[in-house]
Amino acid sequence: MEAQAQGLLETEPLQGRDEDTVASTDFSSMLSEEEREELKAELVQLEDEITTLRQVLSAKERHLVEIKQKLGMNLMNELKQNFSRSWHDMQTSTAYKKTHETLSHAGQKATAAFSNVGTAISKKFGDMSYSIRHSISMPAMRNSPTFKSFEERVETTVTSLKEALVSSQLTCGLSV
């Protein structure tokens, strides 16, 4: 008996299946004529109140638009202000500051690395041009360590490209 009474007094919210059961149940047969009339009157009153609230809200929205027009505010200005405010908020956030600092540091390191690579390449070409200007013959330049190193790298790259080309042609079924 107590378990049945507890079931009627549950305070848990309705679940989906409970809502379906309630929606499909016909309560109108359980109501007296007097209760039915009271509920109909309450329904009409609620619908009237909702209509009134909608009208009040609409009037307030029109008044809001009028005030904004008088102040020279329009949608574009509001969007600009919202964007500026959001951009400022983002820039002052801790996450943005940390990210900016990290990317700035990475950019500085990348710049230094590219500078070092550029310096090394310039030095190598400078050594080669020095060798060309100061050597009497081409064989002397070809025997220089810089030229040999450069020549080996070019040969390695060409060989790798040829191998890649041949293997790609074989996988595609082309004849070599």
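Reply: Helices (H or I, at least four residues) and strands (E, at least two) are DSSP runs, numbered from the N terminus. This is a predicted model, in which local features need pLDDT of at least 70 and side-chain atom pairs count only at pLDDT 80 or more, while totals for chains, interfaces and linings use all residues. Residues are numbered from 1 along each chain as its sequence is written, and side-chain values use heavy atoms, with hydrogens and water left out.

Me: Which pattern does the protein follow along the sequence?
Reply: The protein has seven helices and zero strands. Read along the sequence, the pattern is α-α-α-α-α-α-α.

Me: What percentage of the residues of the protein count as buried?
Reply: Buried means under 20% relative accessible area, exposed means over 50%, and partly exposed lies in between (1.4 Å probe, protein chains only). Of the 176 residues, the share that counts as buried is 4%.

Me: Which residues meet in a salt bridge?
Reply: A salt bridge is a side-chain nitrogen of Lys or Arg within 4 Å of a carboxyl oxygen of Asp or Glu. A search of the whole structure finds one. At 2.9 Å, N to O, the partners are Lys68 and Glu78.

Me: Is Lys68 buried or partly exposed?
Reply: The relative accessible area of Lys68 is 23%, so Lys68 is partly exposed.

Me: Which elements give two or more residues to the nonpolar patch?
Reply: Patches are made of residues with over 30% relative accessible area and no salt bridge, with like charges joined within 9 Å and nonpolar side chains (Val, Leu, Ile, Met, Phe, Trp, Tyr) within 5 Å. Here Val117, Ile121, Phe125, Phe150, Val154 and Val158 form a nonpolar patch on the surface. The elements are helix 5 (94-134) and helix 7 (145-172).

Me: Is Ile121 buried or partly exposed?
Reply: Ile121 lies in helix 5. Its relative accessibility is 44%, so Ile121 counts as partly exposed.

Me: Which residues lie nearest the centre of the largest pocket?
Reply: On a 1 Å grid over the protein atoms alone, a pocket is an open set of points where a 1.4 Å probe fits, with protein on both sides within 12 Å along at least five of seven lines; lining residues have an atom within 4 Å of a point. Helix 5 and helix 7 each supply at least two residues of the lining. Of the ten lining residues, those nearest the centre are Ile121, Lys124, Phe125, Phe150 and Arg153.

Definitions and conventions
Areas by Shrake-Rupley, 256 points an atom, 1.4 Å probe, with all protein chains shown as cover.
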